[in-house]
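Work through these exercises with the sequence and the structure side by side. Each task is followed by a solution in steps.

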Amino acid sequence: MNIGIVCYPTFGGSGVLATELGKALADKGHNIHFITYQQPVRLSGFHANIFYHEVRVPTYPLFDYPPYETALASTMVDVILNNDVELLHVHYAIPHAAAAYMAKQILAKQGKRIPVITTLHGTDITLVGRDKTYSPVVTFSMNESDILTAVSENLKEETYKNFKIEKDIEVIHNFVDVKRFDKKPVDAFRKLISPNGERIIVHASNFRKVKRVEDVVATFLLIQEKIPATLLLLGDGPERTHIEANARKCKSHDSIKFLGKQEQMEDILPIADLFLLTSEYESFGLAALEAMAAKVPVISTNAGGLPEIIINGHCGFMSDVGNVGDMSKNALHILQDDATLQKFKNNALAQAKKFDIENIVPRYEVLYKKII
Ligand code: GMT
């Protein structure tokens with residue numbers, strides 16, 4: 001099939017998922033056309049079946065706000081017509097579903113039918129999309145999509161709760177390529193981070209408010225009162241500056257390391273003993289799934305779709321949002337001795353395998369065939 005994929009190219013779950021999906025489909029012989037304003041972060045290397053089409057948004061002194069959606073819809077039309085694209089799969093409703101609707105109407109006038117699948121990822125529904133500035137367009141364009149999917153049961157419920165949706169939403173969970181993440185940790189790298197055998201704790205996010213990264217640091221400090229540990233913070237975003245400034249004031253600031261944006265998560269995660277995800281909401285929690293695939297147990301909140309992937313007391317633990325005391329207690333339980341840690345690590349990998357790429361990607365292919 002010739003498939004157009006539209007997503008955010010930046011660090012963030014929806015873009016990562018869309019890129020990994022495109023790469024997996026290309027490996028299966030489909031031609032994938034990414035339509036984005038920048039090369040997606042996980043799209044490196046050459047693949048004969050992958051094409052990247054950049055959306056350029058010309059500026060003009062009159063524009064305080066360059067019309068991205070117009071440029072995107074026009075690029076969609078151009079790419080579809082010139083590459084025989086048979087369907088558009090857009091990730092994150094805003095503004096991709098609306099731009100896809102516009103492209104579809106333009107193409108219909110030219111006698112070309114282009115089915116659209118919209119995958120809802122989270123904040124497009126729970127935070128941004130609900131805002132009444134966007135809600136009418138988001139509702140309309142979701143209803144106009146030929147197929148709607150959500151990445152968790154929780155997100156499906158949230159969508160029905162917050163929007164007047166007149167069609168079925170199919171749940172297709174996030175996935176991970178377990179083979180890529182289940183790697184032996186590089187000893188030299190582990191030694192560098194933890195020279196005296198300190199437990200290594202990792203958090204990765206885009207440092208937005210919804211992630212409550214301050215709770216990650218607070219949980220870590222409580223853990224560190226009891227056992228030697230090092231915290232690696234991966235990613236970057238609006239909250240990083242003040243979290244980093246506060247971390248510098250801590251007595252044990254040397255054990256908190258901000259590594260910034262990292263592309264090769266599969267090289268870093270295997271050295272970790274624990275992954276912390278303290279979000280106020282997570283529609284799914286792809287970062288936690290990638291950690292589990294690297295054999296890392298997860299301490300998280302019980303918000304949103306996280307209970308759909310984490311089995312409490314088995315591959316990690318979940319606590320109420322903000323309850324850093326409980327999170328640190330659970331973390332210490334996992335980290336108390338090597339045997340317990342090993343048991344949780346094995347369980348994490350076994351749980352991640354349920355969401356392996358090989359089980360999930362064919363579900364999208366079934367939908368594609370259905371709408372084409
Ligand atoms: O988590 C983020 O901040 C990025 C965000 C996005 O839309 O790019 O991620 C959302 O989509 C991911 C992939 O489907 C989910 O795994 C994340 O849980 C979800 N984030 C939130 O709901 C906050």
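**Exercise 1.** In what order do the seven strands of the open sheet lie, and is the pairing parallel or antiparallel?

Solution. The model is predicted. Reading across the open sheet, the order is S3-S2-S1-S4-S5-S6-S7. The pairing is parallel. Next, take the edges: S3 (50–54) and S7 (169–171) stand there. Each has a single partner strand, so one side of each lacks a neighbour in the sheet. Finally, the twist: it averages 25° from one strand to the next.

**Exercise 2.** Describe the pairing of S6 with S7, then find the helices that pack on the sheet.

Solution. Start with S6, residues 147–150. S6 and S7 pair in the parallel sense over three bridges. In one of them, Leu148 has Ile169 in S7 as its bridge partner. Now the helices. H1 (residues 13–27) packs on the sheet and touches S1 (2–6), S2 (31–36), S3 and S4 (87–91). The direction of H1 makes about 155° with that of S2. H6 (residues 153–162) also packs on the sheet, touching S5 (116–120), S6 and S7. The direction of H6 makes about 160° with that of S7.

**Exercise 3.** Is Asn330 buried or exposed?

Solution. First locate Asn330: it is found in helix H13 (residues 324–335). Then apply the cut-off: buried means under 20% relative accessible area. Asn330 has 9% relative accessibility, so it counts as buried. Last, list the contacts. Leaving aside neighbours within four places in sequence, Asn330 is in contact with Ile299, Phe317, Met318 and Ser319.

How values were computed
Residues numbered from 1 in each chain as written. Predicted model: local features only at pLDDT ≥ 70, side-chain atom pairs only at ≥ 80, totals over all residues. Heavy atoms only, no water. Pairing = 2+ DSSP bridges. Helix = DSSP H or I, 4+ residues; strand = E, 2+ residues; numbered from the N terminus. Axes fitted to C-alpha atoms, helices over the stretch in contact; angles between N-to-C directions. Contact = heavy atoms within 4.5 Å. Buried < 20%, exposed > 50% of the residue type's maximum accessible area, 1.4 Å probe, protein only.
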